[in-house]
Structures are given as structure tokens and as C-alpha cells.
Amino acid sequence: MNKNDFTDLDGKVLRVFLTILEESSVSKAADRLGVTQSAISHTLSKLRQVLGDPLFVRSGQGLTPTERALSLKDPIQTVLDGMRALTDGRPFDPLSEQIDIRIATNDMPREVIFPRLLRDTRAEGARLRLEFIPSGVPDPDLLRSDRCQLMVTPLPPDGPDIYQKRLLESPLMMFYDAGHCTPPNSWQTYCESDHIEVRFSDGRNARAVMRGVDQSQIRAPIVTLPHFNAIPAFVRGSSLISTDTALMRQGPLAGLDCAHLPFECTPVPLYMVWHQRSANDPAHRWLRRRIEAIAADISAP
């Protein structure tokens, strides 16, 4: 092989490069792509030969990219996006095309929307496979780097290359255990209550959706958790209250008692968000339409 033969660089090779760059690990890249570590190592060796650079050097337990590798990130993503755009005009049949999509979202949208989506589409014979990653308060780079192809979030990131569609909105409510406490009946008693809240791995908390009130008056939480599914175990048998959207009754907080907030608070919208590279992909458009239909049904009185 001529080590400078650029034709050895195909889409799969370039995808491996970006995955190693994002994961800083051969083993994690192999896990994410569903291949062996030896296959990733072989591809990395090919890249090093063709590009004439080590690209990654070992540092502790991971890999550190060289300056050359960092400079290649955006051009390679652009090449892959261009290759993907070649298929935008293809005939699309969800019964014959495998549809794999990675979705960044948190507990409630994942449990309320996507189980139904999967049941309905697979019952029709569609070949849909879903993979989920936590979104927290989402960063647009998740979409730009193609780490996910779709987000469902109440806090959509912004950018000229980022598209969004409002799916629905849901009022905030208090979730509690009626056998151990009564819900606050005023702003003051709400602020003085024992709260539980979710804080994501980036340090931001789920209370960011609570708008139109002075959150500085609310007592600091008694319990802080990394995700919503852990809330019921702490609320049951305690005086803790959790403030979350009413849709949580259909998902992670099903089984808890709930009550309306004793003060005015703006309802929380939920958005579907994607990158411009996916805007015209027929499989992605089909998926977005299905999600919109489920959201409209959930919102129906």
C-alpha cells in the first residue's frame, strides 16, 4: 500500500478516526462501534500511514490527539456529512431499510415517547434500533460531532446549523408521598419545604426549566440525584417533594402523588432537535414525523 494513497480513506475509516478522537480510547471506540479492539487498532495504523502522523499518543489510561489530529476533526466531519448527503434523495422504505439512531434525552422523554415509538414501528415491520445517551442540559456539539442524531429536550441548544421543532408543553407539578406529608399551599411554604432535585454530570440542574420565579428563595435541596428515575425511592416514606413536569406521571414518577404548584409558573416546552445534516435524510424525516404524531397524541385532552 502506498502510504500516501488517499483512496484508502473511506467513510468507515474516517468514522473510526472521529470516534477515537471523541472517546480518547481504542477500547471505548471499539465498544461504541461494535467492533473488536484489533479492528480499531488496524484502522488507526492505516490512518497513521496515509496521513503521515501518529494522530494519537498514549497518555495515562487514554489517548491524547496530536495537533494534526485536532486540525482534521472538522474537515473529516464535513467529508462524512457530504457523503451522507449523497443518500438524501434515495427511495426510502422503513420496512426494508435498517434505521439506527442515537438519541440524547433524559428519563422522561425516553420513557414516555420512545417505548411507544418502538412498539408501533416494529409492529409495522420497521427495522428500527434506538440507542440513548443522557443529554443533561444539552450541548450543540453532541449533534455537530454526530455523537447523536436527535435530541428531545426542554432546553434546546442554539446555533445556525441546529434545527428544532416544538413537540408539546407540560405544566410543572409537585410530586410527593401523601402518606407522609401534604403539599405546600403557598410560595413561602414551598420555598421552606424539603426538596429533591436532579443535577446533571455537567453541574447544571433540572431546575433550569423552572422559569418566572425567584429560585434563590427556594431552600437548597436535601437530596441531589444524577437522574429522575431515582426520585421515587427517596420521596416515598418521606416529606421530600420533587418539582417536575406533569408528564413525569406517565414516566419516571408514576406512582407518586402530585399536586399543582401553589404559585404561577410557566409550562415547560419539549423540543425535538437535530443537526442540519439530518434535515433532508428520508429516514430521519420519517422518524421525526412519527415522534411528532406520538407527542400530539400525548398532548390531546
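Guide: Quick term first: buried means under 20% relative accessible area, exposed over 50%, and partly exposed in between (1.4 Å probe, protein chains only). The model here is predicted, so local features need pLDDT of at least 70 and side-chain atom pairs 80 or more, while totals for chains, interfaces and linings use all residues. Residues are numbered from 1 along each chain as its sequence is written, and side-chain values use heavy atoms, without hydrogens or water.

Visitor: Which residues does S145 touch?

Guide: Leaving out residues up to four places away in sequence, S145 touches R15, E22, Q77 and R277. A contact is heavy atoms within 4.5 Å.

Visitor: Which residues are closest to the centre of the largest pocket?

Guide: R15, R84, D100, D146 and Q149 are closest to the centre, out of 36 lining residues.

Visitor: Which element gives the largest share of that lining?

Guide: α1 does, with six residues. The elements that supply at least two residues each include α1 (11–23), α4 (67–85), β3 (98–105) and α10 (282–299).

Visitor: How many of the lining residues are nonpolar, polar and charged?

Guide: The lining of the largest pocket has 13 nonpolar, nine polar and 14 charged residues. Ala, Val, Leu, Ile, Met, Phe, Trp, Tyr, Cys and Pro count as nonpolar, Asp, Glu, Lys and Arg as charged, and the others, Gly among them, as polar.

Visitor: What volume has the second largest pocket?

Guide: The second largest pocket comes to about 270 Å³. It has 19 lining residues, and N106, P134, S135, G136 and S201 lie nearest its centre. Two or more residues of that lining come from each of α5 (107–112) and β4, with β4 giving the largest share at three. Sorted by class, the lining has eight nonpolar, six polar and five charged residues.

Visitor: New topic, then. How many aromatic pairs does the structure hold?

Guide: The structure holds eight aromatic pairs. F92 and W286 make a tilted one, 6.0 Å centre to centre with 55° between the planes. Phe, Tyr and Trp (six-membered ring) pair if ring centres lie within 6.5 Å; planes under 30 degrees apart are stacked, over 60 edge-to-face, the rest tilted.

Visitor: Which parts of the chain does the F92 and W286 pair link?

Guide: F92 sits in the loop between α4 and β3, and W286 in helix α10, 194 residues apart. F92 is partly exposed at 22% relative accessibility, whereas W286 is buried at 9%.

Visitor: Why is the pair of F114 and F132 edge-to-face?

Guide: Because their planes are at 70°, with the ring centres 5.2 Å apart. F114 belongs to helix α6 (residues 114–123) and F132 to strand β4, 18 residues apart. F114 is buried at 1% relative accessibility, while F132 is partly exposed at 29%.

Visitor: Which residues form an aromatic cluster?

Guide: W187, Y190 and F263 form one.

How values were computed:
1 Å grid on protein atoms, 1.4 Å probe; cavity = no way out; pocket = protein on both sides within 12 Å on 5 of 7 lines; lining within 4 Å. Helix = DSSP H or I, 4+ residues; strand = E, 2+ residues; numbered from the N terminus. Points joined across faces, edges and corners; volume = space filled by probe spheres on them.
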